Amino acid sequence: AIVEPGDDAEGFDAWEAMNLITQETRASLIADVVGHPEGMPSIPELDYTNPDVERSAISEHLDRLVEAKVLGRAEIPVGERARDLPHVFYYVTDEARAFFDRNDIFDRETWREAYAKVEQTDEIARIEAMARPACE
């Protein structure tokens, strides 16, 4: 079956996910998460790869995707944060990854190849190289 409502555990709803990910900006954000070398970009990285989207809109889209359990949110603990580096990162949940794989969308290799071609500033390269927190 390609998309079956309520077929996943822990509140992941395939119909809702499909509805959310077909919106252009959200699809672009998910592609960037999937394509990120660590599979866990921060808002500054997503802002950089989506220059035509306001940062506030990126945050709103990410919140919707987290709420729907398409993406998860991981934070570096307060005492371990660097003042000039991000501390919140986004990743594809296991349920969403299984959904993507079943439906042959957001292929990791395809999006990682595309992401690797993005020219980066020194600041973005520094952020990309930083250690990520464990997925929650």
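**Exercise 1. Find which elements cover the buried residues of helix H5 in this predicted model.**

Solution. 
Step 1. Locate the helix: H5 spans residues 94-102.
Step 2. List its buried residues, which are Glu 95, Ala 96, Arg 97, Phe 99 and Phe 100.
Step 3. Look at what lies over them. The cover includes helix H1 (14-21) and helix H2 (24-35). Strand S2 and helix H6 (108-116) are also among the covering elements.
Step 4. Recall the geometry of a helix. An α-helix has 3.6 residues a turn, so residues three or four places apart point the same way.

**Exercise 2. Describe the loop between H5 and H6 through Asp 104 and Phe 106.**

Solution. 
Step 1. Place the residues. Asp 104 sits in the loop between H5 and H6, and Phe 106 is found in that loop too.
Step 2. Read the backbone angle. Asp 104, which follows H5, has a positive phi near 55°. For Phe 106, phi is likewise positive and near 55°.
Step 3. Most residues other than glycine have a negative phi. Asp 104 has a positive value although it is a residue other than glycine, and the positive value of Phe 106 also occurs in a residue other than glycine.
Step 4. Check the exposure of each. Asp 104 has a relative accessible area of 70% and is exposed, since exposed means over 50%. Phe 106 has 11% and is buried, since buried means under 20%.

**Exercise 3. State the order of the secondary structure elements and judge how compact the protein is.**

Solution. 
Step 1. Count the elements: there are seven helices and two strands.
Step 2. Read them from the N terminus, which gives α-α-α-α-β-β-α-α-α.
Step 3. Along the principal axes, the C-alpha atoms fill a box of roughly 45 × 35 × 25 Å.
Step 4. Turn to burial and contacts. Of the 136 residues, 43% count as buried. Among contacts between residues at least 6 apart in sequence, 64% join residues at least 24 apart.
Step 5. Finish with the surface. Its accessible area is about 7,700 Å², and carbon and sulfur atoms account for 47% of it.

**Exercise 4. Work out which parts of the chain the salt bridge between Glu 45 and Arg 132 ties together.**

Solution. 
Step 1. Start with the charges. The protein carries 14 positive and 31 negative side chains, and the centres of the two sets lie 3 Å apart.
Step 2. Note the total for salt bridges: the whole structure has seven.
Step 3. Take the pair in question. The side chains of Glu 45 and Arg 132 meet at 3.0 Å, N to O.
Step 4. Find their places. Glu 45 is in helix H3 (residues 43-49) and Arg 132 in the segment after helix H7 (122-129), so the pair ties together parts 87 residues apart in sequence.
Step 5. Check burial. Glu 45 is buried at 1% relative accessible area. Arg 132 also counts as buried, at 17%.

**Exercise 5. Identify what Asp 84 pairs with, and where the two partners lie.**

Solution. 
Step 1. Name the partner. Asp 84 forms a salt bridge with Arg 126, and their closest N and O atoms are 2.9 Å apart.
Step 2. Arg 126 counts as partly exposed, with 36% relative accessibility.

Notes: Residues numbered from 1 in each chain as written. Predicted model: local features only at pLDDT ≥ 70, side-chain atom pairs only at ≥ 80, totals over all residues. Heavy atoms only, no water. Helix = DSSP H or I, 4+ residues; strand = E, 2+ residues; numbered from the N terminus. Buried < 20%, exposed > 50% of the residue type's maximum accessible area, 1.4 Å probe, protein only. Contact = heavy atoms within 4.5 Å. Areas by Shrake-Rupley, 256 points an atom, 1.4 Å probe, with all protein chains shown as cover. Lys, Arg positive; Asp, Glu negative; His and termini not counted. Charge placed at Lys NZ, Arg CZ, Asp CG, Glu CD. Salt bridge = Lys/Arg side-chain N within 4 Å of Asp/Glu carboxyl O.
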